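Subject: Structure handover and notes

Hello,

Please find the structure below.

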Amino acid sequence: MKTKLMKKHGKRIAAGVLGLALIGSSSIGLTGCGSEANAAEEVPTVTIWSSGGQEVREALQAIADAHNADPEYNTKAKVEIQFIVSGTSEQSLPDRLAAAYKAGETDTDFDLIALDDSAIANIEAQTSEDFFDPIDTSKIPNYENLTFKDNIVGDNFIPYRGTAVYLAYNSETVQNPPKTADELYQWIKDNPGRFAYCDPSTGNSGFSFVANTIYNQLPEEAATSDDTKWETEHQTEWDNAFNLLAELHPNLYQTAGKVQYPMKNAGSLDLLATKEIDMTPAFVNMVLSQKSMGTLPDSIKLTQLEEPFLGGLAGFMMPSIGKDKEAALSVIDYYLSYEAQAIDWNTMFASPVVDTSKLENLEHEDWLAETDMDSMRYFSIGTIQTDIAQRWTEEIGSLAK
């Protein structure tokens, strides 16, 4: 169920800093300076819109700042970040895009959308299938750096970071972590109360546990298809999976005598940090970030099952209602540079989508070797994800009430 990735060698981007002094004066003889100021003002602004956790925002901004200081790129575009933090009362990014589309707006500042591939179906459902323009990769020199050219999304999606769920565990209490899904299910039964996964409607680490339980029983191609036949024609496999989840339910983490499903990805990691559980599915970058900050102890380790938890990609898409297409292509090019990929890792431990041997000045390089994405189990199932979360709420989440 693994997709082997191709390795490509791309060109090296020279980093530097450019200071622009824009001097306003009525003095005679400063015509040249005025021309420079006008030229600087003509550099288009490319706005990147995204949403998610604060760590994603910080990484996007860090790369944007480096881009805006790079003399090879800052004469082609200036990057600004517009970010909607998850869990706030702000209108969601898909809703904003849908509202602009339905209002017939064009030449908006929705120049680039940085999003997880799992969010694409929701946006297109509210707009149109051709809402995102094809991206001309011939105008993105650093596209040659990309190891994920075979992503299944299509020619309107350029990955810039990867993400994967691993099994996080306390090595002080778990000397021999499970190696297969069946071993994990047996471990949960043998160690009641010591495992948790978050409500899958609130976090994809919990969703990955539920989805694996289903998709381990389906043909390989089902994991990369949004065709509802995988639900209707494989009802037995789905029923078996949800029966197994119900069987595991009483063995999960409990408080006050009742099973509790933590809210969001961070909720299950909090239980692991306080040693209330010994094991949970978790996103690699979240575990490594918390270990780096000291909020997770060094005893917390990561391992992957033989039937890997879901992996996915975050990438750029260009809405048809955006402006400055050429400038946007230059910005994508920078985010695929080795410098930008190193910044992404150092800021949020995002899994690189380029040849990692080309990256320099990395923090915790040993962690990168332990969690590489040379192979990954790629999930892209469209709105079936919503169906899974809804059925889980009705059949499994209700058991905790």
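Which residues does I81 touch, not counting residues up to four places away in sequence? Before the reply, a word on the source. This is a predicted model, in which local features need pLDDT of at least 70 and side-chain atom pairs count only at pLDDT 80 or more, while totals for chains, interfaces and linings use all residues. Residues are numbered from 1 along each chain as its sequence is written, and side-chain values use heavy atoms, with hydrogens and water left out.

I81 and its surroundings

With residues up to four places away in sequence set aside, I81 touches I48, L60, Q61, A64 and Y335. Contact here means heavy atoms within 4.5 Å. I81 sits in strand 3 (residues 78-85). Helices (H or I, at least four residues) and strands (E, at least two) are DSSP runs, numbered from the N terminus. I81 is buried, because its relative accessible area is 15%; buried means under 20%, exposed over 50%, and partly exposed in between (1.4 Å probe, protein chains only).

Helix 11 covers residues 325-335 and is mostly covered, with 9 of its 11 residues buried.

The chain as a whole

The chain has 14 helices and 12 strands. Of its 401 residues, 50% are buried. Among contacts with a separation of 6 or more, 78% are between residues 24 or more positions apart.

Two single residues

G53 is in the loop between strand 2 (45-52) and helix 2 (54-68). G53 counts as partly exposed because its relative accessible area is 25%. Leaving out residues up to four places away in sequence, G53 touches F83 and S86. The C-alpha atoms of G53 and I84 are 8.7 Å apart, although 31 residues separate them along the chain.

N265 belongs to helix 9 (residues 264-273). With a relative accessible area of 18%, N265 is buried. Its contacts, apart from neighbours within four places in sequence, are C198, T202, G203, N204, S205, G206, F283 and M286.

Two residues with positive phi

Most residues other than glycine have a negative phi, and most peptide bonds are trans. A256 is not a glycine, yet has a positive phi of about 50°. A256 lies in the loop between strand 7 (254-255) and strand 8 (258-259). A256 is exposed because its relative accessible area is 83%.

D324 is also a residue other than glycine with a positive phi, near 55°. D324 is in the loop between strand 11 (311-319) and helix 11. At 30% relative accessibility, D324 counts as partly exposed.

Helix 5 and helix 8

Two packed helices are described by the angle between their axes and the distance between the axes. Axes are lines fitted to C-alpha atoms, for helices over the stretch in contact, and angles run from 0 to 180 degrees between N-to-C directions. Helix 5 (residues 181-190) and helix 8 (residues 235-248) pack at about 30°, with axes 10 Å apart. Helix 5 is therefore roughly parallel to helix 8 (under 35 degrees is roughly parallel, over 145 roughly antiparallel, 65 to 115 roughly perpendicular, and the rest oblique). Y185, I188 and K189 of helix 5 meet L244, E247 and L248 of helix 8. By class, this contact has 4 nonpolar, no polar and 2 charged residues. Ala, Val, Leu, Ile, Met, Phe, Trp, Tyr, Cys and Pro count as nonpolar, Asp, Glu, Lys and Arg as charged, and the others, Gly among them, as polar.

Cavities

A search of the whole structure finds 2 cavities of 30 Å³ or more. On a 1 Å grid over the protein atoms alone, a cavity is a set of points where a 1.4 Å probe fits but cannot get out, and lining residues have an atom within 4 Å of a point. A volume is the space filled by probe spheres set on the points, which are joined across faces, edges and corners. The second largest cavity holds about 40 Å³. Its lining consists of A181, L184, Y185, F209, N212, N216, L305, E307 and F309. Helix 5 and helix 6 (204-215) are the elements that give two or more residues to this lining. Helix 5 gives the most, with 3 residues. By class, the lining of the second largest cavity has 6 nonpolar, 2 polar and 1 charged residues.

Regards

Note on methods. On a 1 Å grid over the protein atoms alone, a cavity is a set of points where a 1.4 Å probe fits but cannot get out, and a pocket is an open set with protein on both sides within 12 Å along at least five of seven lines; lining residues have an atom within 4 Å of a point.
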